Amino acid sequence: MRDTFVQILKDKPETSFNSDSSHNNEGQNGAVKDVSKNGWNNNHLSQIDSGMVKNSTTNYRGRSSETSASDPSGARGMRNSMEGSGPKANHAVELKKRMGLFSGIALIVGTMIGSGIFVSPSGLLVRTGSVGISFIIWMACGILSLLGALSYAELGTMNTSSGAEWAYFMDAFGSAPAFIFSWVSTLVLKPSQMAIICLSFAQYAVEAFVSECDPPSVVVKMVALLAIVCILFVNCYSVNLGMAVQNVFATAKMIAVLIVICGGAWKLFQGNTQHLSNAFENPSPSVGVIATAFYTGLWAYDGWNNLNYVTEEIQNPSKNLPRSIMIAIPLVTLCYALINISYLAAMSPDEMIGSEAVAVTFGNRILGMFAWIMPLSVTISTFGSANGTLFAAGRLCFAASREGHLLDILSYVHVRRLTPAPGLIFHSLIAGAMVLYGTIDSLIDFFSFTAWIFYGGSMLALIVMRYTKPNYPRPYKVPIIIPILVLVISIYLVIAPIIDKPQIEYLYTILFILCGLVLYLPFVRWRMHPGFMNKVTIFFQMLFEVVPTNHMAMFD
């Protein structure tokens, strides 16, 4: 078995082993033990911290001195530029710091501007019944997202390990809350987010070829599954390729946004302001309805925290993380405000409510023979958003599994491409199942309710660590009133819909979250691991050519 494993993984004729490795790999369920003649070290020989090689001043889980790594380029050609050069002899297998300021902004913008702004405007009007209140909620969602992201900037510069909420819960509350988050997020939140986006992508893509009737649901689901497979391939093949796709699609969707804004400005210039007058003439909605309307709006803004999932791969995160947030989220908020005004300049509120594809209807009204640009723009936008979502989701699996909170194989990376392929594949499989059995509207409400439980938990973590770790280095520090305000709003968003209109789905969600504790005690706290997991892990290591990041690289 050992010889077979080495022969399958090695990429060059000669293999270089670390002669100092002498410890067994005891901390992981199903990890490969003693693969080389001296064994792999799971503790301190490789000196890994946050996916980078430790120096003498490095602390636990991601709190390391920052080093910049430039993107590979030059003489090695396009193939190495996309794949990366892989680990060098006696170096650790690691996630490289390849994301600069522009890539950080592109990840946030590219993930936030997805299907939401093309689906949610009509949903907000239905729930609020008022143009004015729906516009206020759009702006309030943007401000709330910015405040939450600024709080995450402090958390992300305190702890630069990947995993976002999972890492912050570990620091503030300990292992059990962090496991519950990884349990819910890995099995529900991130896959459902990707499923919604890919279903929206497929809906718009198929509508371009079906004009006389609604697109068949089977075709829509098949196209959504195909999109998941394509995005999975991109992100498994190369981190550089995944970032390049994100940058290109983020730029393309900003061009599409400008087309909508310019079309709306032209309509306003012609005097089409009748739908913007008397914006508050309808009765105000109830408190619970406002909360569910926030769910619809916040879905369009979701992705504001995705950069925190990949902090191990950001160059100079103490500066580039807050800068990316401060540029990207106000930009998206401004775009959403102008897009909503543009929609109302071309369509009445009733027409928006009656349209299943608001952006397409807008294009038919404004662009004439070039109306096909809008479905194309939406498909580009949603594909880029799905790419960013999977890019971030794979890092959550990677970080949580590295601490033994999920299957060990999910924390492994490819020996040459240095991508967390098992985590990416796992998320894609669950998202594919949700595509087959879910609908967009049901998934959005379920996602938003669950997500804001943990967003509020992150605000509480920041407040708690202000008192439990007052002297801890904080390269960026947010005013304490901001996380307190976001925490209060999070509590409102979770409780108000339950009080206003109780539904059995909310109870199912809470029970699912609590089920995490049932699994935490035996498999994490007491470390009860089935014996067959060793063989399962070895099989998938051989299949995917992956190794743990806290082991010495075996090959040149």
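1. Let's start with helix 11 (residues 317-346): at 1.5 Å a residue, its 30 residues should span 44 Å, and the end C-alpha atoms are 42 Å apart, which agrees. The expected span is 1.5 Å times one less than the number of residues. Helices (H or I, at least four residues) and strands (E, at least two) are DSSP runs, numbered from the N terminus.

2. A word on the source: this is a predicted model, where local features need pLDDT of at least 70, side-chain atom pairs count only at pLDDT 80 or more, and totals for chains, interfaces and linings use all residues. Residues are numbered from 1 along each chain as its sequence is written, and side-chain values use heavy atoms, leaving out hydrogens and water.

3. Buried means under 20% relative accessible area, exposed over 50%, partly exposed in between (1.4 Å probe, protein chains only).

4. Helix 5 (residues 131-158) and helix 11 have axes that come within 9 Å and cross at roughly 175°. The two helices are therefore roughly antiparallel (angles over 145 degrees; under 35 is roughly parallel, 65 to 115 roughly perpendicular, the rest oblique). Axes are lines fitted to C-alpha atoms, for helices over the stretch in contact, with angles from 0 to 180 degrees between N-to-C directions.

5. Now two loops. Leu 418, between strand 3 (412-414) and helix 15 (421-437), has a positive phi near 60° without being a glycine. Leu 418 is buried, at 1% relative accessible area. Glu 545, in the loop between helix 19 (533-544) and strand 4 (546-548), also has a positive phi, about 60°.
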